[in-house]
Amino acid sequence: MALRKSNKLAQTAVLKQILKRCSSLGRKQGYDDQGLPLDVPKGHFVVYVGENRSRYIVPISYLSRPEFQNLLHQAEEEFGFDHGRGLTIPCEQVIFESLTSMLR
């Protein structure tokens, strides 16, 4: 019996090490334990814009601005809001950059 118990403890230790390695691999690739990107500061979110789906990190405060709400409405109509890694905005990059520079 003592041998089985010690074998289970060893297996548990090995499993914990494997889980720790796997979770640290995710962090090294740019995502935390919850699957959120590490490069997005608190109070911000990711949007993808333009033909090439360029990635932008924007402040949450933009959500209350009518200009940005218009973009969100267009995004909802064209793509819906079911995106795992950010919101796709149907807008040219130049227009998006111009708009966000005015919102600052």
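This is a predicted model: local features need pLDDT of at least 70, side-chain atom pairs count only at pLDDT 80 or more; totals for chains, interfaces and linings use all residues.
**Group meeting: a sheet and its helices**

Now the overall layout. The protein chain has 3 helices and 3 strands. Read from the N terminus, the order of the elements is α-β-β-α-β-α. The chain has 104 residues, and 23% of them count as buried. Its accessible surface is about 8000 Å², with 55% of that belonging to carbon and sulfur atoms. As for contacts between residues at least 6 apart in sequence, 38% join residues at least 24 apart.

Back to the sheet. In what order do the 3 strands of the open sheet lie? The order is β2-β1-β3, and the pairing is mixed. The edge strands are β2, at 54-59, and β3, at 87-89, and each of these pairs on one side only. From one strand to the next, the twist averages 40 degrees.

Two helices come next. Helix α2, residues 66-78, packs on the sheet and touches β1, β2 and β3. The direction of α2 makes about 100 degrees with that of β3. Helix α3, residues 93-103, lies across β1, β2 and β3 as well, and runs at about 15 degrees to β2.

Stay with α3 for a moment. Which residues of α3 are buried? They are F96, L99, T100 and L103. Looking down the axis of α3, we find these buried residues within an arc of 95 degrees, so they line one face of the helix. That face has partners: the buried residues of α3 pack against β1, β2, α2 and β3. On the other side of α3, V94 and M102 are exposed.

F96 also turns up in my next topic, the aromatic residues. F96 belongs to one aromatic cluster together with F45, Y56, Y62 and F68. How many aromatic pairs are counted? The count comes to 4. One of them is Y62 with F68, a tilted pair: the centres are 5.9 Å apart and the planes make 55 degrees. Are Y62 and F68 buried or exposed? Both are buried.

V40 lies in the loop between α1, which spans 2-28, and β1. Why does V40 count as buried? Its relative accessible area is 17%, and buried means under 20%, so V40 falls on the buried side of the cut-off. What is V40 in contact with, leaving aside its neighbours within four places in sequence? The residues are F45, V46, R55 and I57. Take I57 from that list: V40 and I57 are 17 residues apart in sequence, while their C-alpha atoms are 6.7 Å apart in space. F45, another contact of V40, is one of the members of the aromatic cluster.

To recap with the structure in view: find the sheet in the order β2-β1-β3, then α2 packing on it, then α3 with its buried residues lining one face.

Methods:
Residues are numbered from 1 along each chain as its sequence is written. Side-chain values use heavy atoms; hydrogens and water are left out. Helices (H or I, at least four residues) and strands (E, at least two) are DSSP runs, numbered from the N terminus. Buried means under 20% relative accessible area, exposed over 50%, partly exposed in between (1.4 Å probe, protein chains only). Contact means heavy atoms within 4.5 Å. Accessible areas come from the Shrake-Rupley method with a 1.4 Å probe; for residues, only the protein chains shown count as cover. Two strands pair if DSSP finds at least two bridges between them. Axes are lines fitted to C-alpha atoms, for helices over the stretch in contact, and angles run from 0 to 180 degrees between N-to-C directions. Rings of Phe, Tyr and Trp (its six-membered ring) pair if their centres lie within 6.5 Å; planes under 30 degrees apart count as stacked, over 60 as edge-to-face and the rest as tilted. The arc is that of the directions from the helix axis to the C-beta atoms.
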